[in-house]
Amino acid sequence: MSTFAELLLNGVSMGSVYALIALGFVVIFRATEVVNFAHASLLLAGGYVTATLHDDIGFWPALLVGIAGAAVVGAAVEFLVMRRYRGSDHSVLAIVTIGVDILLTTELTRRIGTDVLPLGDPWGDAVLTLGPISLAHTRIAAFVAAALLITVFLLAFRYTSWGVAMRAAAESPETAALMGVRLGRVSLGAWAVAGGLAAVAALFLTVFPTPGLERATSLAALKAFPAAILGGLDSTTGALVGGLLVGVTESLATGYQSELTFLGRGLGDLAPYLVMTVILLIRPAGLFGTKELARV
């Protein structure tokens, strides 16, 4: 039972980090109806800035600069690249984000090289022990930080003028524009918010028990993609539920790998995609996604 409890708690912690990344996918999709495949490079950019600055200015200032840097990169991608393709087919826009991701990731991986960069977090390898259950401080910090950020975002999304503008743009861009909503500003803000969330997620993906930031860190965004899809790409609640579901599924599948050898190796990495496939077979729009209806 203790093993199950540990796996469950670790799964919830990692799931909350995946929810941050999935929320970035959802924010951009709601604002622009574009599936952002460049999200992995935003995550890597935020982590890289934090890792390179923490020795000079300290961890917390470096983290703030990393978050701001990833937000600026996201906003720059929207302003310099995506805005030029506004009005294009959504499949074309998705391909553009793939090209952006390749360019950014190539440059960042060139800078990182074969190194593993620590981010200088204050938790180190400390572990909290409650009876038979052991949980790393980094996991607790990840859950608390993700919970606070998601709560703040949901409140802002519901009660601020930016949130109202984004919801209006998601419902009907044409009507929102006629009512005075500046769609370009909404899109720019969405990319910036997604970048900032990705930078925070990068921190908790690279601290203990992970040795640090490396070239493969950006691949973690691929684990959050099933969370966004199975929750519903246009649902902020779906991003939260999808992230937790992916995190718990991955943790349990990895923890009980020895009992599930008949299903093959690497089940923990494959399990989120299996869950996504099963859910999409039942609910094609995701758990909380909006079904589009057409009168014929």
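This is a predicted model: local features need pLDDT of at least 70, side-chain atom pairs count only at pLDDT 80 or more; totals for chains, interfaces and linings use all residues.
View 1. Apart from neighbours within four places in sequence, Arg-139 is in contact with Asn-10, Ser-13, Met-14 and Pro-209. Arg-139 belongs to helix H5. The residue is buried but has no salt bridge. Glu-250 is the nearest side chain of opposite charge, 8.0 Å away.

**View 2. Packing of helix H5 against helix H6.** H5 covers residues 137–159 and H6 residues 161–171. The two helices pack at an angle of about 75 degrees, and their axes are 5 Å apart. H5 is therefore roughly perpendicular to H6. On the H5 side, the contact is made by Phe-153, Ala-156, Phe-157, Arg-158 and Tyr-159. H6 contributes Ser-161, Trp-162, Gly-163, Val-164, Met-166 and Arg-167. Of the residues in this contact, seven are nonpolar, two polar and two charged.

**View 3. Salt bridge between Arg-83 and Glu-78.** The N to O distance between the two side chains is 2.9 Å. Glu-78 counts as buried because its relative accessibility is 1%, whereas Arg-83, at 27%, counts as partly exposed. The model has four salt bridges by the rule applied.

View 4. Arg-111 and Glu-107 lie four residues apart in H4, about one turn of the helix. Through shared partners, the salt bridges join Glu-107, Arg-110 and Arg-111 into one network. Relative accessible area is 30% for Glu-107, which is partly exposed. Arg-111 is also partly exposed, at 48%, and Arg-110 is exposed, at 57%.

Terms used. Residues are numbered from 1 along each chain as its sequence is written. Side-chain values use heavy atoms; hydrogens and water are left out. Axes are lines fitted to C-alpha atoms, for helices over the stretch in contact, and angles run from 0 to 180 degrees between N-to-C directions. Angles under 35 degrees count as roughly parallel, over 145 as roughly antiparallel, 65 to 115 as roughly perpendicular and the rest as oblique. Contact means heavy atoms within 4.5 Å. Ala, Val, Leu, Ile, Met, Phe, Trp, Tyr, Cys and Pro count as nonpolar, Asp, Glu, Lys and Arg as charged, and the others, Gly among them, as polar. Buried means under 20% relative accessible area, exposed over 50%, partly exposed in between (1.4 Å probe, protein chains only). Lys and Arg count as positive and Asp and Glu as negative; His and the chain ends are not counted.
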